[in-house]
Amino acid sequence: MGEYIESFTEEQKRVLLSLIAIEKVTTLKMHRVFKDLNGIEKILELSIPELSVYFGDNAEEVYTKLHNNMEFDFESYFEFYNVNYMFCDDVYYPKELFRVYDYPYVIFYRGNKDLLLFRRKISIVGSRNNTSYSKDALDSIVPYLTMNNFVIVSGLATGVDSLAHEGALKSKGYTIGVIAHGHNIIYPEQSYKLYKELERNHLIISEYFPTSPIRKYKFLERNRLVAGLSCALLVTEAAKRSGTQRTVDFALDVGSDVFCLPGKFGDKMSYAMNEYIKEGAILVNKLEDFGDELGF
């Protein structure tokens with residue numbers, strides 16, 4: 001896995017924060033701009049017509065907000081929202097994310113950043129409308145993984161995500177939640193206690209500013225980080241068309257192992273699992289299958 005070779009200057013850090021603070025500037029667009037300019041701070045030299053190449057009709061808004069944000073008191077802002085952040089040149093920045101083609105330049109977090117340094121991280125995803133099959137399986141799988149020093153990564157959604165996080169807590173392991181919005185939002189609301197526990201004793205990360213609102217497309221962006229953060233992905237149940245399918249695609253793109261629970265013939269929540277297995281995903285038939293594949 002690679003790393004960011006050069007250290008950012010203070011001006012470059014301010015440019016990055018100033019851009020990320022603009023809701024209409026995505027991480028992917030930032031990568032495209034910086035690649036073309038061959039430098040981060042050079043974006044300050046672009047005129048509105050030049051910015052329109054990348055941001056279209058939003059160019060004037062991006063230009064104005066970028067230059068205004070360069071004078072913004074970011075330190076007070078993050079202190080007010082009790083959110084920490086790290087740039088991708090930081091020693092704590094997870095090197096696994098450099099496998100993602102549009103990795104975040106900045107990660108915003110609450111909790112224990114030391115968890116990012118664990119080499120053994122496994123992501124667990126599945127349906128928000130899971131059956132007892134996922135719960136029964138994870139009641140055995142998660143304690144086995146935490147006993148073998150794996151940090152459990154998931155997306156803090158309802159269903160399988162919550163089962164994965166809660167399983168890590170119950171088994172005295174560690175867990176990382178990846179959210180698709182700013183830290184000042186708790187979504188879904190019923191996950192309030194889980195959020196607070198992870199903020200106190202575990203870790204929650206986001207690529208969005210603390211006040212960034214919920215947008216549908218951000219959940220897809222979040223999924224690439226859930227997949228990219230770990231050496232492997234476990235999928236328990238998923239409908240034929242779901243965000244889980246994209247998470248599997250992201251995991252395969254970055255070269256992670258994908259584990260799937262086999263399902264019943266004709267079961268709509270297992271159809272996707274059986275298809276993944278047919279296409280080469282690792283069938284989980286017993287706990288030892290994880291060790292056999294991951295080498296522990």
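**Close-up views of a predicted model**

View 1. With a relative accessibility of 0%, Phe259 counts as buried. Phe259 belongs to strand β8 (residues 257–260), while Phe290 belongs to helix α12 (residues 288–294). The pair links distant parts of the chain, as the two residues are 31 residues apart. Their rings are tilted, with 4.8 Å centre to centre and 40° between the planes.

**View 2. Phe8 and Phe87, an edge-to-face pair.** A search of the whole structure turns up 24 aromatic pairs. In the one formed by Phe8 and Phe87, the ring centres are 6.1 Å apart and the planes make an angle of 70°, an edge-to-face arrangement. Phe8 lies in the segment before α1 (10–20) and Phe87 in strand β1 (residues 84–87), so the pair ties together parts that are 79 residues apart in sequence. Are these two residues buried or exposed? Both Phe8 and Phe87 are buried.

**View 3. Two lysines over tyrosine rings.** Here we look at Lys113 with Tyr92 and at Lys218 with Tyr208. The charged end of Lys113 sits over the ring of Tyr92, at 4.2 Å from the ring centre. For Lys218, which lies over the face of Tyr208, the distance from the ring centre is 4.9 Å.

**View 4. The two sides of helix α3.** Helix α3 spans residues 48–55, and within it Leu51, Tyr54 and Phe55 are buried. These three cover an arc of only 80° around the axis, which puts them on the same side of α3. What do the buried residues of α3 pack against? They pack against α2 (27–37) and α4 (59–69). Pro49 and Val53, on the other side of α3, are exposed. Just after the helix comes Gly56, with a positive phi of about 55°.

View 5. Asp161 is part of helix α7 (residues 160–170). A relative accessible area of 8% is under the 20% limit, so Asp161 counts as buried. Leaving aside residues up to four places away in sequence, Asp161 touches Ile124, Val125, Gly126, Ser154, Gly155 and Leu156. A polar atom of the Asp161 side chain also lies 3.3 Å from the backbone nitrogen of Ala157. Gly177 can be included for orientation: 16 residues separate Asp161 and Gly177 along the chain, and their C-alpha atoms are separated by 8.8 Å.

**View 6. Tyr133 beside Pro262.** Tyr133 lies in helix α6 (residues 132–147). With a relative accessible area of 32%, which falls between the 20% and 50% limits, Tyr133 is therefore partly exposed. Which residues does Tyr133 touch, not counting those up to four places away in sequence? They are Glu237, Leu261 and Pro262. In the case of Pro262, its backbone oxygen lies 2.4 Å from a polar atom of the Tyr133 side chain. Tyr133 and Gly263 are 130 residues apart in sequence, with a C-alpha to C-alpha distance of 9.1 Å.

Note on methods:
Residues numbered from 1 in each chain as written. Heavy atoms only, no water. Helix = DSSP H or I, 4+ residues; strand = E, 2+ residues; numbered from the N terminus. Buried < 20%, exposed > 50% of the residue type's maximum accessible area, 1.4 Å probe, protein only. Contact = heavy atoms within 4.5 Å. Polar contact = N/O pair within 3.5 Å; in protein donor to acceptor, adjacent residues only side chain to side chain. Phe/Tyr/Trp six-rings, centres within 6.5 Å; stacked < 30°, edge-to-face > 60°. Lys NZ or Arg CZ within 6 Å of the ring centre and 35° of its normal. Arc of directions from axis to C-beta.
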